[in-house]
Structure formats: C-alpha cells, structure tokens
Amino acid sequence: MNDTMMKETSLIQSIIAIINSTETVEEKRTQLDEYHDYDLARSLEEMTPLERQVFYPCFDDQMLADIFEQLDPEDTKQYFFELPSPRIQAVLSRMEVDDLVDVFQSLSDETISAQWLGLLPSDKRVVIKTLIDYHDTVVGSIMNTNYVQLGPEMTVKLAIKTLVKAAETVEFINVLYVVNERKLVGTLSLKEIMSAGNQPDQLIQDIMSINLITVQPLTPNEEAIRLMQDYDFSLLPVVSDDYDMLGIISFDDMFETINYESDMDYSRLAG
C-alpha cells in the first residue's frame, strides 16, 4: 500500500471512529467539518448501514448534497434510499443539475424516478426531464444549467455585483457568459472582469470576447473533450442551433464521463 492509500485509509478510519464515538451529534458535526467532501464520501462507502444512519444527521442538507456529488451515481442512489422522504427532497434540491442527471439516469425503476422528480422544484424538474432524455455519450447528458449570466449592456460595476451574488450558488465562476435575448454573444473570464474593476462604468459588450467556441447538446463527449484540450478550456458553453444559451460543461465532468465509459467498455469486453 503506497503512502497516498495509507493516508486515505487513515482518514476514513478517523471519520468512522468519530461516527462511532459517544459524543453528541453537535460534537461529531464540529469534528467532521474539518474533513474534505471527498474523504467524507469515501468513508461513507466503508460504513455499515447503522453507521450511515448516524452519519447523515451530522450534516445539513447542502453539505450532504456536496458529499453525495463526490460519489458514483449508483452508490448515491442507494444512499438516498436510506433517507426519509423529506430529507431526499431537501438533498436532491441542493445538488447540481449535472450530478442530478447522473443519479436519475442510474434509476431503472420508473416509479422511483417519477417520485423523485416530483420532489424537485418545478424549474429544476423541467431541466432534469429534458436532460435525461439525452444519451450519456453526448454532452447534453452532463450539461450544467447553473452558470453566471451577464447582459451586454451591463456596466462592469453591475456585472461584479451580479457575480458576487451568484458566487454563493454557482459551481463555476471562472468564465462568465454574456447573453442577449437568450443568445450567447460573448464571454468574459473572471480575471478580465476583475481587471476592469477600475472602470466601473464601462459596458460589458466593450470588453467581452466574441470569438466563441461552443458545443451543442448532441455533440459527442469525445469531440467536446478534444475541443477543451485543443483550446485549453476548463468550460464550454452549450448552445442550440440558433445559439440560444442552454448550459455549460466542465472538463472535470467530461473527463469523469469518458473514464466511466471506458471502464464500462472494458467491463463488457471482460464479461
């Protein structure tokens, strides 16, 4: 066992030891706050069902959603079954759209899928129903509809205020998308918008980039990741034929998807 694996094993053992301690939920919560989402997710996989029932109450809904997002969708689905219905609703509602799509695509029971969809807010439910219709080999299946959107006639001052407000709920803020009447017309990097802060009255349309590299929902995953590598992009916007802004995809999500597809292909060959 190498040093990295030994360290991860030690972290997992420490987390499970906290769960099995005689301390109060509040005391356990305070100690578990020191661990990364990834380590908490890995430890969840090593717990018994009884230990997991102690684990779940140690976190608020958002933190539990963050932990579930670190897991394989097949595992996440199984852990949801261990939660009471109100908690399922609360955690599902706080997960990112692309992670939710993965969970719903892992559900083989249409009744459960319909029940869980019904627990989501109406706006998110519509988005998920649309995305799960895409095959998992195209970017539409992992598209994230949560991104920072600016208007071309916004001032830099207003755009920075919009960014600060959105940063609380948006996963990716390193690229900002300029949309006019639903059409993607430009992009800005976080560095560019912050560098323009000394000119607060300047318009976004005067500093945005209009050389756009985009994909569409039916673009194959392999093609999208090649584009990202060629242009050294961590994010790509997803648009319709008419350039309506639909969402974004991240390199991390694409890389995970490509690896998952490769693992599945290998498993089929081995079988």
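Two strands pair if DSSP finds at least two bridges between them. The model examined here is predicted.

**Exercise 1. Determine in which sense E4 and E5 pair, and over how many bridges.**

Step 1. Strand E4 comprises residues 235-239, and strand E5 comprises residues 245-250.

Step 2. The two strands pair in the antiparallel sense, over 5 bridges. The pairing criterion asks for at least two bridges.

Step 3. As an example of a bridge, Val 238 has Gly 247 as its partner in E5.

Step 4. The hairpin of E4 and E5 has 5 residues between the strands.

**Exercise 2. Locate the non-glycine residues Asp 232 and Tyr 243, which have positive phi, and state whether each is buried, partly exposed or exposed.**

Step 1. Asp 232 has a phi of about 55°. This residue follows H13 and lies in the loop between helix H13 (221-231) and E4.

Step 2. The relative accessibility of Asp 232 is 69%. The cut-off for exposed is over 50%, so Asp 232 counts as exposed.

Step 3. Tyr 243 has a phi of about 70° and is placed in the loop between E4 and E5.

Step 4. With a relative accessible area of 32%, Tyr 243 is partly exposed.

**Exercise 3. Describe how the buried residues of H13 and of H6 are arranged around each helix axis.**

Step 1. The buried residues in H13 include Asn 221, Ala 224, Ile 225, Leu 227 and Met 228. Viewed down the axis of H13, the buried residues fall within an arc of 150°, so they line one face of the helix.

Step 2. Gln 229 and Asp 230 are exposed, on the face of H13 turned away from its buried side.

Step 3. In helix H6 (residues 73-80), the buried residues are Thr 76, Lys 77, Tyr 79 and Phe 80. Their arc about the axis of H6 is within 165°, so they too line one face of their helix.

Step 4. The elements covering the buried residues of H6 include helices H3 (37-46), H4 (49-55), H5 (61-68), H7 (85-94), H8 (97-106) and H9 (110-119).

Step 5. At the start of H6, a side-chain oxygen of Asp 72 comes to within 2.8 Å of the backbone nitrogen of Glu 74.

**Exercise 4. Trace the contacts of Lys 77 and relate its partner Trp 116 to the largest nonpolar core.**

Step 1. Lys 77 lies in helix H6 and, at 9% relative accessibility, counts as buried.

Step 2. Apart from neighbours within four places in sequence, Lys 77 contacts Ser 106, Leu 107 and Trp 116.

Step 3. With the same exclusion, Trp 116 contacts Lys 77, Phe 80, Phe 81, Ile 88, Leu 92, Val 103, Phe 104 and Leu 107.

Step 4. The largest nonpolar core has 53 residues, and the members that touch the most others are Leu 32, Leu 40, Phe 55, Phe 68, Phe 80, Trp 116 and Ile 249.

Step 5. A second, separate core of 16 residues includes Ile 160, Ile 193, Ala 196 and Ile 204.

Key: Residues numbered from 1 in each chain as written. Predicted model: local features only at pLDDT ≥ 70, side-chain atom pairs only at ≥ 80, totals over all residues. Heavy atoms only, no water. Buried < 20%, exposed > 50% of the residue type's maximum accessible area, 1.4 Å probe, protein only. Helix = DSSP H or I, 4+ residues; strand = E, 2+ residues; numbered from the N terminus. Arc of directions from axis to C-beta. Contact = heavy atoms within 4.5 Å. Polar contact = N/O pair within 3.5 Å; in protein donor to acceptor, adjacent residues only side chain to side chain. Core = buried A, V, L, I, M, F, W, Y, C linked by side-chain atoms within 4.5 Å.
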